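I opened my notebook to look up a few things in this structure. Here are my entries, in the order I wrote them.

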Amino acid sequence: MRPIFQFNINFVVAHKLEAKPLIEHFHLKKFIKEPFQVFKNESGIRLIISGMGASRARSAVEYMWQLDSGSFLKEGWINVGIAGHRTLDLGTCFLANKISSRETGEVYYPFLDWNTKNTEGLITVDRPEKSYVGDEAYDMEAAGFFKAASNFSETELISSIKVISDNKTSSIDNITEKLIENLMVKTIAHVEPVVSVLKKRLAILNKGLVLDRDCLDMVKSIHLTVSQRNQFKSLCRRFDAMGREDELKFILNCSRITSDQLLKKLTEKLAKQAH
């Protein structure tokens, strides 16, 4: 089997000030200047500066996906940035457990198995929020980011992490460049566990996708219906999970047989081993 390609974890950040601590922490180097600034390292972590607003975040996600549009592998997506909240203290970091768009009314529910207890609802608005109605946080990018990322990846590979920059007692007018940078440094402790879990999930998912591709390539002369392809991939993954990759390759390299004969042979081999 061919080796798994390097998978990517993509950060989508609105502003260079928000991006700076992440760029430094993950040792990212700029490799694209226009139409978006994009940074990357040798470990598959990338970051794009989208600009403010849901539409720009959506465009940034689509741009990142197009960079690898020829790849069949899954990627991880993380939106990081500042947000406002009526009562939460400045510097409070959280993962969004619900993302709503005030403009469209659409609602998204991120997957939350990230080993964290700090979660909040998040409303994406088209202009800075100063009234802080209700108990949810406010940002300007998450809904656009999540909608776009959901088109290219499973929900379990998408996350939005925010840090509170303003509230009722310290308005958005008090935000300075230094404050943003200091607040974003606080997100690193919350970002790291998400990156760690994403790497594990991507490794498992992409290993399966590479196995599917390689096994199908080995029997490409055999016509498989859609249901047969699904059954075939399931059987091949069972061989792989049992550590029987060499046996699987031997079967798939055998002389020409029909699709029914191939599936029957794989099923029988697995049954014999099970008993």
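**Ground rules.** I count two strands as paired if DSSP finds at least two bridges between them. Helices (H or I, at least four residues) and strands (E, at least two) are DSSP runs, numbered from the N terminus. This is a predicted model, where local features need pLDDT of at least 70, side-chain atom pairs count only at pLDDT 80 or more, and totals for chains, interfaces and linings use all residues. Residues are numbered from 1 along each chain as its sequence is written, and side-chain values use heavy atoms, with hydrogens and water left out.

Entry 1: I began with β2 (residues 29–32) and β3 (residues 37–40), which run antiparallel and are joined by three bridges. Which residue of β3 is the bridge partner of K29? I found K40 there. Four residues lie between β2 and β3 in their hairpin. Next I followed β3 to β4 (residues 45–49), also an antiparallel partner, with four bridges. Here F39 stands opposite L47. The hairpin of β3 and β4 has four residues between its strands too, and G44 takes a positive phi near 90 degrees. A reminder to myself: in a regular strand the side chains alternate between the two faces of the sheet.

**Entry 2: rings.** I looked for aromatic pairs, meaning rings of Phe, Tyr and Trp (its six-membered ring) with centres within 6.5 Å; planes under 30 degrees apart count as stacked, over 60 as edge-to-face and the rest as tilted. How many aromatic pairs are there? The count comes to four. One of them is F11 with F26: their centres are 5.5 Å apart and their planes at 35 degrees, so I noted the pair as tilted. F11 lies in β1 (residues 9–13) and F26 in the loop between α1 (16–25) and β2, so the pair ties together parts that are 15 residues apart in sequence. Both F11 and F26 are buried, where buried means under 20% relative accessible area, exposed over 50%, and partly exposed in between (1.4 Å probe, protein chains only).

Then I checked F36 and Y63, whose ring centres are 5.4 Å apart with planes at 50 degrees, so this pair is tilted. F36 sits in the loop between β2 and β3 and Y63 in helix α2 (residues 54–67), 27 residues apart. F36 and Y63 are both buried.

**Entry 3: N8.** I found N8 in the segment before β1. Is N8 buried or exposed? With a relative accessible area of 11%, N8 is buried. Contact here means heavy atoms within 4.5 Å. Leaving out residues up to four places away in sequence, N8 touches G44, R46, D68, E75, G76 and L202.

**Entry 4: the inside.** A nonpolar core is a set of buried Ala, Val, Leu, Ile, Met, Phe, Trp, Tyr and Cys residues joined through side-chain atoms within 4.5 Å. The largest has 32 residues, of which F11, L22, L47 and I78 touch the most other members. Helix α4 (177–218) is among the elements giving two or more residues to this core, and α4 gives the most, with nine. L22 touches F11, V13, L28, L47, V80, M184, I188 and V191, not counting residues up to four places away in sequence. I also noted a second, separate core of 27 residues, including V12, A137, I158 and I164.
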